[in-house]
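Me: I would like to learn how to read a fold from its coordinates. Where do we begin?

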Amino acid sequence: MQETTSVLLAGVGGQGIILAGRVFSQLLLNSDCDVKMSEIHGMAQRGGSVTTHVRYGERVSAPTISPGQADVILAFEAMEAARMAHWLRPGGVMVANTRRIPSLPILIAKETYPEDLPARLSARGISAHWLDAYTTAVGLGNSKAENVVLLGAFSTVLPFAESAWRQAIAQVVPAKAVELNLVAFAAGRELA
C-alpha cells in the first residue's frame, strides 16, 4: 500500500457529497485503513462549494490535503471540477460529472457558464474522465442517486473490491434507500 492516498470530493451543496464521503470512509475503515476525513462547507445551503478531504493509508497524520497533492478528485459538478483542479497532483486522476449547476453570478447574468471546461482542463494537462451521472440517476427514477452513480465510476479507479463498496453503501445509506443506491452504484461502474 502507498503510504497515504489523498482524495478530494468537490461539488455544491445538496449534491450528496457528504454522504458519498461517509460511504467512502466506511469502505476504508472496513478495509482496515487509517482514515482521516474533513468536510468543508461554503454556503452549502445556498448552492455554495462543498469539499470533503479523505486521506487513507497505514498511518495518516492529517485530514486535509494541500493544493497539488490530491491523488484523485471526484468532482460532482463541472465548474467545481475546474475550480478544484489545482488540488490534483501531477499524474493524478479526476472523475468529473458533466452536470452544470449555475452559481449566483451566472443566474443573475453577470457571468456566463464556460462551455469548454473539458478542453480547458485538458489544456492544463489534466485528464479527466467525464460522465453524465445526473441523467443516469434520473433514468433510474431518482435524481438524488446522482452521487452514488459518481461513486460507482470513482470506485473503478481505486483498488477496492466492488463487494466492499456495496457493503459500505449498505452500512451508511438508510435501509429504505439501499436497493436504489446499489443499482445506482452499478450504473456508475458501467459508465466508467
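Reply: Begin with the elements: helices (H or I, at least four residues) and strands (E, at least two) are DSSP runs, numbered from the N terminus. Along the sequence, this chain reads β-α-β-β-β-α-β-α-α-β-α-α-α-α. That comes to 8 helices and 6 strands. The model is predicted: local features need pLDDT of at least 70, side-chain atom pairs count only at pLDDT 80 or more, and totals for chains, interfaces and linings use all residues. Residues are numbered from 1 along each chain as its sequence is written, and side-chain values use heavy atoms, with hydrogens and water left out.

Me: What share of the residues is buried?

Reply: Buried means under 20% relative accessible area, exposed over 50%, partly exposed in between (1.4 Å probe, protein chains only). Here 47% of the 192 residues count as buried. Take Thr52, in strand 3 (residues 49-57). Thr52 has 0% relative accessibility, so it counts as buried.

Me: Which residues is Thr52 in contact with?

Reply: Contact means heavy atoms within 4.5 Å. Leaving aside neighbours within four places in sequence, the partners of Thr52 include Val7, Leu9, Ile18, Met37 and Glu39. For the chain, residues 24 or more positions apart make up 62% of the contacts with a separation of 6 or more.

Me: How is an aromatic pair described?

Reply: By the distance of the ring centres and the angle of the planes. Rings of Phe, Tyr and Trp (its six-membered ring) pair if their centres lie within 6.5 Å; planes under 30 degrees apart count as stacked, over 60 as edge-to-face and the rest as tilted. The count here is 6 aromatic pairs. Phe24 and Tyr56 are edge-to-face, 5.9 Å centre to centre with 90 degrees between the planes. Phe24 lies in helix 1 (residues 17-30) and Tyr56 in strand 3, so this pair ties together parts 32 residues apart in sequence.

Me: Which residues do ring pairs link into a cluster?

Reply: Phe24, Tyr56, Phe154, Phe160, Trp165 and Phe185.
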